[in-house]
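Subject: Handing over the structure

Dear colleague,

I am passing on to you the structure that we spoke about, together with its sequence.

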Amino acid sequence: MPNKETLLELADRVEALDGPCREMDAEIFVMEMHLKTGRSLESIAWLNDPLMEGLPEYTASLDASMTLVPEGFLLNNLFNDGHARGFFNNRKPCGAILNPPKGERVFGYGNSIYNAICAAALRAIASQD
């Protein structure tokens, strides 16, 4: 499994996006395939192709971004009206909160609701043992 720092760094990079990004979608896809198959990141690095047919649009689609939310986590709240800017002194207009089965809830922010969900989901994955 990728280490916690790698997942958190990826979440931070998703939050920094201005909008959809196929390059980021490809990076997230490689990480997801690594988690699902257990194969090394090096052996599936060829999947990191933003032009690959069928690449999920994690940073542009509600359905695709929600596939990243780990089993057992519940989407508690979404903010897409600028409310997230005041939430924990964040400067992004959108936010997502995921509640785990036990433990601390996780947050994600972004310039789009999709990026906020992606960031929160990546943090949720990182929070799992």
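Two strands are said to pair if DSSP finds at least two bridges between them, and strands of a sheet pair through backbone hydrogen bonds, either parallel or antiparallel. Please keep in mind throughout that the model is predicted.

To begin with the chain as a whole, its secondary structure comes to 4 helices and 3 strands, which follow the pattern α-α-α-β-β-β-α when read along the sequence. Of the 129 residues in the chain, 47% are buried, and the chain exposes about 7,100 Å², of which carbon and sulfur atoms supply 50%. Among the contacts with a separation of 6 or more, 50% are accounted for by residues 24 or more positions apart.

The sheet is open and has 3 strands in the order S1-S2-S3, with antiparallel pairing. Strand S1 (74-79) and strand S3 (106-110) are the edge strands, each pairing on one side only, and the twist averages 15° from one strand to the next. Between S1 and strand S2 (residues 94-99), the antiparallel pairing runs over 5 bridges. Helix H4 packs on this sheet, where it touches S1, S2 and S3, and its direction makes about 150° with that of S3.

Helix H4 (residues 113-127) also meets helix H1 (residues 4-15), for the axes of the two come within 8 Å and cross at roughly 170°. Angles over 145 degrees count as roughly antiparallel, and H1 and H4 are therefore roughly antiparallel to each other. Residues that make the contact include Leu7, Leu8 and Ala11 of H1 and Cys118, Leu122 and Arg123 of H4; by class, the contact has 10 nonpolar, 1 polar and 4 charged residues.

Is Arg123 buried or exposed? Buried means under 20% relative accessible area, and Arg123, with a relative accessible area of 18%, is therefore buried. Not counting residues up to four places away in sequence, Arg123 touches Leu8, Ala11, Asp12, Glu15, Val106, Phe107 and Gly108. The C-alpha atoms of Arg123 and Lys4 are separated by 8.4 Å, although the two residues lie 119 residues apart along the chain.

Notes:
Residues are numbered from 1 along each chain as its sequence is written. This is a predicted model: local features need pLDDT of at least 70, side-chain atom pairs count only at pLDDT 80 or more; totals for chains, interfaces and linings use all residues. Side-chain values use heavy atoms; hydrogens and water are left out. Buried means under 20% relative accessible area, exposed over 50%, partly exposed in between (1.4 Å probe, protein chains only). Contact means heavy atoms within 4.5 Å. Accessible areas come from the Shrake-Rupley method with a 1.4 Å probe; for residues, only the protein chains shown count as cover. Axes are lines fitted to C-alpha atoms, for helices over the stretch in contact, and angles run from 0 to 180 degrees between N-to-C directions. Angles under 35 degrees count as roughly parallel, over 145 as roughly antiparallel, 65 to 115 as roughly perpendicular and the rest as oblique. Ala, Val, Leu, Ile, Met, Phe, Trp, Tyr, Cys and Pro count as nonpolar, Asp, Glu, Lys and Arg as charged, and the others, Gly among them, as polar.
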